[in-house]
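This report describes a predicted model. It turns to the contact between the chains before the fold of one of them.

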Amino acid sequence: MTLGEREQDAIRSVLAGLEGDVDVKLELGPTATPVTLLAAGGREIDSNALTQEIVEAVCALSDRVSLSVVEHEEPGPWPRTTIGAGLEYLGMPAGYELTTLVHGILEAGRAAPALSDATLERLAAIDEDVAIDVYVTPT
Amino acid sequence: MLLAYKLALASPRVTARAIEASEFAVDADRHGVHAVPAIVVDASYAWAGTVPEAAFVERVLAARGS
């Protein structure tokens, strides 16, 4: 079991706040820049398999969340989870980053952005595309 | 990370990705990431650490030269 009962209850409670349906797309395949990931004890981690377990387990906790899984043969930035219209998570959303996945789904399912009026005004003035990448770790 | 997602949801001009630094170590190294969370704007390292919403927006806009 990827998620314990307490985690499932907590996630189910968060996702109960969804105001709309959210599509989640999980893309799996060989990574373009392979690295060896080790769990405590030295066991090697299969990022694709663990990510699929986590994402499937989370999406199963709400009827408002639909999951599709795509398997790629060509190397790329996999595993990649796309939430809603384009929020991306590259890699395993494990550990502390489980929160990013769950709350990313929640935010994507909001009827209106949960931001201050001042922030919305600043965003409305942007006239060029902006790409924000946030590097994170599970611990 | 959630702030970046919120900005992307609020503006069609903004895209946001979370990238697991251990799995994408080559990309992290290329951008000079040494601590997380590290924010990279338009493929250029911007800063590391969490900041309040207003500061986050201002730093993102400053990083892209607005």
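## Interchain pairing and fold

Strand β5 (residues 130–136) of chain A and β1(B) run parallel and are joined by seven bridges. Within this pairing, A:A131 stands opposite B:T15 of β1(B).

The contact draws 36 residues from chain A and 40 residues from chain B. On the side of chain B that touches chain A, at least two residues each come from α1 (2–10), β1 (14–20), α2 (25–30), β2 (38–41) and α3 (53–63) of chain B. The largest share of that side, eight residues, is supplied by α1(B). Its composition by class is tabulated below.

| Class, side of chain B that touches chain A | Count |
|---|---|
| Nonpolar | 29 residues |
| Polar | three residues |

Chain A holds four helices and five strands, in the order α-β-α-β-β-β-α-α-β from the N terminus. Its C-alpha trace spans about 50 × 35 × 25 Å along the principal axes. Of the 139 residues in chain A, 39% are buried. Among contacts in chain A between residues at least 6 apart in sequence, 77% join residues at least 24 apart.

Helix α2 (residues 47–59) of chain A has 13 residues, so at 1.5 Å a residue it should span 18 Å; its end C-alpha atoms are 18 Å apart, in agreement. In α2(A), the buried residues are A:S47, A:T51, A:Q52, A:I54, A:V55, A:V58 and A:C59. These buried residues of α2(A) pack against α1 (5–15), β1 (22–28), β2 (65–71), β3 (80–83) and α3 (98–108) of chain A.

Methods
Residues numbered from 1 in each chain as written. Chains lettered and ligands numbered in written order. Predicted model: local features only at pLDDT ≥ 70, side-chain atom pairs only at ≥ 80, totals over all residues. Expected span 1.5 Å × (residues − 1). Buried ≥ 20, exposed ≤ 12 C-beta atoms within 10 Å, placed from the backbone. Contact = placed C-beta atoms within 7 Å. Nonpolar A, V, L, I, M, F, W, Y, C, P; charged D, E, K, R; others polar. Pairing = 2+ DSSP bridges.
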